[in-house]
Amino acid sequence: MKVLLVEDDAAIAQSVTASLTNAGMTVHHSATGTEAIVAAKEFVPEVILMDLGLPDMDGLDVSKSIREFSSTPIIIVSARGDELDRVLGLELGADDYVVKPFSQRELLARIKAVTRRGHDAVPPEPTHGSVRVLIDERTHSATLDGEEVVLTAKEFDLLSFLSSEPGVVFRRNDILEHVWDTNWYGTTKTLDAHIASIRKKLGSPDWIQAVRGVGFKFVEVPK
Ligand code: CA
């Protein structure tokens, strides 16, 4: 997690940096509004902690400038209640606020809350596979050239596992352990049967190639 800390008070900046770093975050510190705007562009933070009283600019104006090119969550850090009124009244697009003095635990909780919201807005890439075969883990579906391939649950798990890294050879035991939760030798026939069925459904045996004595690999088949 990359955090941009905008704070002109050196003592506060030092203690916040220490506790966020302790929590596994990477902190970039800017002591002025001008620096913060540059850092928001170049450091590309995942969350911004914004002090309101800065030597060169008002933190609200800094936030507005950053909002023009970035949707990174901004947490306003305020020393006084009357500043908070301004924050809330202006509705400038800050995502949350904390009042000084704040506990490190509270700050971490706020950061987690706003970044979770941010991630919800942009869901992670749900698909993997190759150019022609796409696997969507969320809907548990597979497509070949945009057409759905109807697979059983185990066939799906197997194809999803193999196509997670096209060209990489997976060992039989690793496949069995991952897809069937077992490496009992009897299941190896089951594996072969499932491979055969997937090949048939994908219209070519070349999609899943056997590597003698090792296992199987998923390979993109040209159209
Ligand atoms: Ca200040």
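Mentor: Before we start: axes are lines fitted to C-alpha atoms, and angles run from 0 to 180 degrees between N-to-C directions. The model is predicted.

Trainee: Fine. Which helix lies across E6, E7 and E8, and at what angle to E7?

Mentor: Helix H6, residues 153-163, which runs at about 115 degrees to E7.

Trainee: And in what order do the strands of that sheet come?

Mentor: E6-E7-E8-E9, four strands in an open sheet with antiparallel pairing. E6 (127-129) and E9 (147-149) are the edge strands; each has a single partner, so one side of each has no neighbour in the sheet. From one strand to the next, the twist averages 35 degrees.

Trainee: How many bridges join E6 to E7?

Mentor: There are 3, and the two strands run antiparallel. Gly-129 is opposite Leu-134 in E7.

Trainee: What about Arg-132, buried or exposed?

Mentor: Buried, with a relative accessible area of 15%. Arg-132 counts as buried because the cut-off is under 20%. Arg-132 is in the loop between E6 and E7.

Trainee: What does the side chain of Arg-132 have 2.9 Å from a polar atom?

Mentor: The backbone oxygen of Val-221. Beyond neighbours within four places in sequence, the contacts of Arg-132 include Thr-143, Asp-145, Trp-207, Glu-220 and Lys-223.

Trainee: Changing topic. Which residues of H2 are buried?

Mentor: Gly-33, Ala-36, Ile-37, Ala-39 and Ala-40, in a helix that spans 33-42. These residues are on the same side of H2 because they cover an arc of only 165 degrees around the axis.

Trainee: What do the buried residues of H2 pack against?

Mentor: Strands E1 (2-6), E2 (26-30) and E3 (47-51), plus helix H3 (59-67). The face turned away from the buried side carries the exposed residues Lys-41 and Glu-42. Just after H2, Val-44 has a positive phi of about 50 degrees.

Trainee: Last one: what coordinates the calcium ion?

Mentor: Asp-8 (OD), Asp-51 (OD) and Gly-53 (O), at 2.2 to 2.4 Å. Along the chain, the donors follow the spacing D-x42-D-x1-G. Asp-8 is in the loop between E1 and helix H1 (10-22), while Asp-51 is in strand E3, 43 residues apart, and the pair links distant parts of the chain.

Trainee: How accessible is Asp-8, and how accessible is Asp-51?

Mentor: Asp-8 is partly exposed at 37% relative accessibility, whereas Asp-51 is buried at 5%.

Key
Residues are numbered from 1 along each chain as its sequence is written. This is a predicted model: local features need pLDDT of at least 70, side-chain atom pairs count only at pLDDT 80 or more; totals for chains, interfaces and linings use all residues. Side-chain values use heavy atoms; hydrogens and water are left out. Two strands pair if DSSP finds at least two bridges between them. Contact means heavy atoms within 4.5 Å. Buried means under 20% relative accessible area, exposed over 50%, partly exposed in between (1.4 Å probe, protein chains only). The arc is that of the directions from the helix axis to the C-beta atoms. A polar contact is a pair of N or O atoms within 3.5 Å; within protein, one must be able to donate a hydrogen and the other to accept it, and residues adjacent in sequence count only if both atoms are side-chain atoms. Donors are N, O and S atoms within 2.8 Å of the metal (3.2 Å for Na, K and Ca); water is not among the atoms, so sites may look incomplete.
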